[in-house]
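Reader: Could we go through some of the labels used for this structure together? I'd like to see how each one is reached.

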Amino acid sequence: MIRRTLEALSGSSRQRTSGVQWLVNRELIPEALGMLMIQELTEGSGLPEHSLPGAESVSFLLSGKGDWRADGQTWRLAPGEGVFNAPGTRRAFEARSGENAVLLVVYGGTSDPRDAEPHAADGAGCGCRISRTADQGSHSPLGEAGGFIDMGVHWLATSQTVGTRSVVVATSTFTPGGSHQLHRHPKADEFFLVLQGGGEHLTKDGPVRLNPGDLAYIPAGEWHGFRTDPGVTTRTVYGYLGAGSLAQAGYELLEEET
């Protein structure tokens, strides 16, 4: 497990400026199966129309507000919303006035940061706005897999919802008493970012503290879990790199010793 703290969500009172914070790529983690980046834009600034031929990506708005534009369409995004773009699709983004916009950008199909460099927008299409699909009931992916208590999931970008091939993005909420026991994904890395609340990232060697703005990166095959603080609701955004669904990532629970 590798722990990162997001500068843009650290609660610093200093005036922030536009910038990029790389969290995961092959230069930082050579075995990574994808990439993660934080893009922070000051109010009124933006990303000009461009495309990324070498990567599919999900841009998830963590804070602020912004307008996503492509092919004559405009989608107004609020925190918790985002867009999936297949390789080569056109996109542009502008932060709306009032506050900075902070985007979590998740890249699939590559771990080379050069594939995140904007190219001239010579492709077609404008991506897909990601929707909230509740994971509830016994026929849901996690409902069938088990191993969690008081945890709700909304799948945002998967092969089933928008046609991803190598990335999954979802949100989860742990109500007080919520936990997810030790498990692993043999065929995909996982990222797990705490947005609100806090608790303990579980490992076979003991717990690791996670506060708002902390991200845990878990390589494929590593046992992990989470337990929210007593009396605390914890909200997160998480996902997989190297797979387009939970089924493709694989899911194994650690058998408890008797």
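**Salt bridges and burial**

Author: D67 forms a salt bridge with R76, with 3.6 Å between the closest N and O atoms. This is a predicted model, where local features need pLDDT of at least 70, side-chain atom pairs count only at pLDDT 80 or more, and totals for chains, interfaces and linings use all residues. Residues are numbered from 1 along each chain as its sequence is written, and side-chain values use heavy atoms, leaving out hydrogens and water.

Reader: Why is the contact between D67 and R76 called a salt bridge?

Author: The term asks for a side-chain nitrogen of Lys or Arg within 4 Å of a carboxyl oxygen of Asp or Glu. D67 and R76 have their closest N and O atoms 3.6 Å apart, so the pair qualifies.

Reader: What makes D67 buried or exposed?

Author: Buried means under 20% relative accessible area, exposed over 50%, and partly exposed in between (1.4 Å probe, protein chains only). D67 has 8%, so D67 is buried. R76, at 52%, is therefore exposed.

Reader: Why does L156 count as buried?

Author: L156 has 1% relative accessibility, and therefore counts as buried.
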